[in-house]
Amino acid sequence: QLHCIGVEDSFTPPDCFAKARDELTKIYAGAKHPPEFYAEPGIGHRETSEMRRQVLGFLDSHLVASRNS
């Protein structure tokens with residue numbers, strides 16, 4: 001799982017994101033592939049080129065790498 005948010009996203013207030021992040025981290029503790037998080041400062045409810053880079057890197061490392069092993 002990869003979760004990307006803009007820190008200024010009014011649909012995802014920082015305290016709600018922190019609670020979800022903490023709960024998911026706890027639930028998946030010890031998992032082979034724990035959830036990953038990317039929070040971009042100064043960004044609202046939109047996708048950025050850095051978020052896209054994060055997603056593509058995540059897919060490359062988890063899907064492409066697993067197909068080659």
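Is Arg21 buried, partly exposed or exposed, and what is its relative accessibility? Arg21 counts as partly exposed, at 30% relative accessibility. Buried means under 20% relative accessible area, exposed over 50%, and partly exposed in between (1.4 Å probe, protein chains only).

This is a predicted model, in which local features need pLDDT of at least 70, side-chain atom pairs count only at pLDDT 80 or more, and totals for chains, interfaces and linings use all residues. Residues are numbered from 1 along each chain as its sequence is written, and side-chain values use heavy atoms, with hydrogens and water left out.

**View 1. The protein chain as a whole.** Two helices and two strands make up the secondary structure. Their order from the N terminus is β-α-β-α. Helices (H or I, at least four residues) and strands (E, at least two) are DSSP runs, numbered from the N terminus. The C-alpha trace spans about 40 × 30 × 15 Å along its principal axes. Of the 69 residues, 17% are buried. The chain exposes about 5100 Å², and carbon and sulfur atoms supply 56% of that area. Accessible areas come from the Shrake-Rupley method with a 1.4 Å probe; for residues, only the protein chains shown count as cover.

**View 2. Salt bridges.** The structure has three salt bridges. The rule asks for a side-chain nitrogen of Lys or Arg within 4 Å of a carboxyl oxygen of Asp or Glu. Arg21 pairs with Asp22, with the closest N and O atoms 3.2 Å apart. Asp22 is partly exposed, at 43% relative accessible area. Glu47 pairs with Arg52, and here the closest N and O atoms are 2.5 Å apart. Glu47 is partly exposed at 48%, and Arg52 is partly exposed at 45%. Arg53 and Glu50 meet at 2.8 Å, N to O. These two residues are separated by about one helical turn, because they stand three residues apart in helix H2. Glu50 is partly exposed, with a relative accessible area of 23%.

**View 3. Thr48 in its loop.** Thr48 sits in the loop between strand E2 (36–40) and helix H2 (49–67). Thr48 is buried, at 8% relative accessible area. Its side chain makes a polar contact with the side chain of Glu40 at 2.6 Å. The Thr48 side chain also reaches the backbone nitrogen of Met51, at 3.1 Å. A polar contact is a pair of N or O atoms within 3.5 Å; within protein, one must be able to donate a hydrogen and the other to accept it, and residues adjacent in sequence count only if both atoms are side-chain atoms. Leaving aside neighbours within four places in sequence, Thr48 is in contact (heavy atoms within 4.5 Å) with Glu40 and Ile43.

**View 4. The aromatic pair.** The structure holds one aromatic pair. The ring centres of Phe17 and Phe37 lie 6.0 Å apart and the planes meet at 80 degrees, so the pair is edge-to-face. Rings of Phe, Tyr and Trp (its six-membered ring) pair if their centres lie within 6.5 Å; planes under 30 degrees apart count as stacked, over 60 as edge-to-face and the rest as tilted. Phe17 belongs to helix H1 (residues 14–27) and Phe37 to strand E2, so the pair ties together parts that are 20 residues apart in sequence. Phe17 is buried at 11%, whereas Phe37 is partly exposed at 26%.
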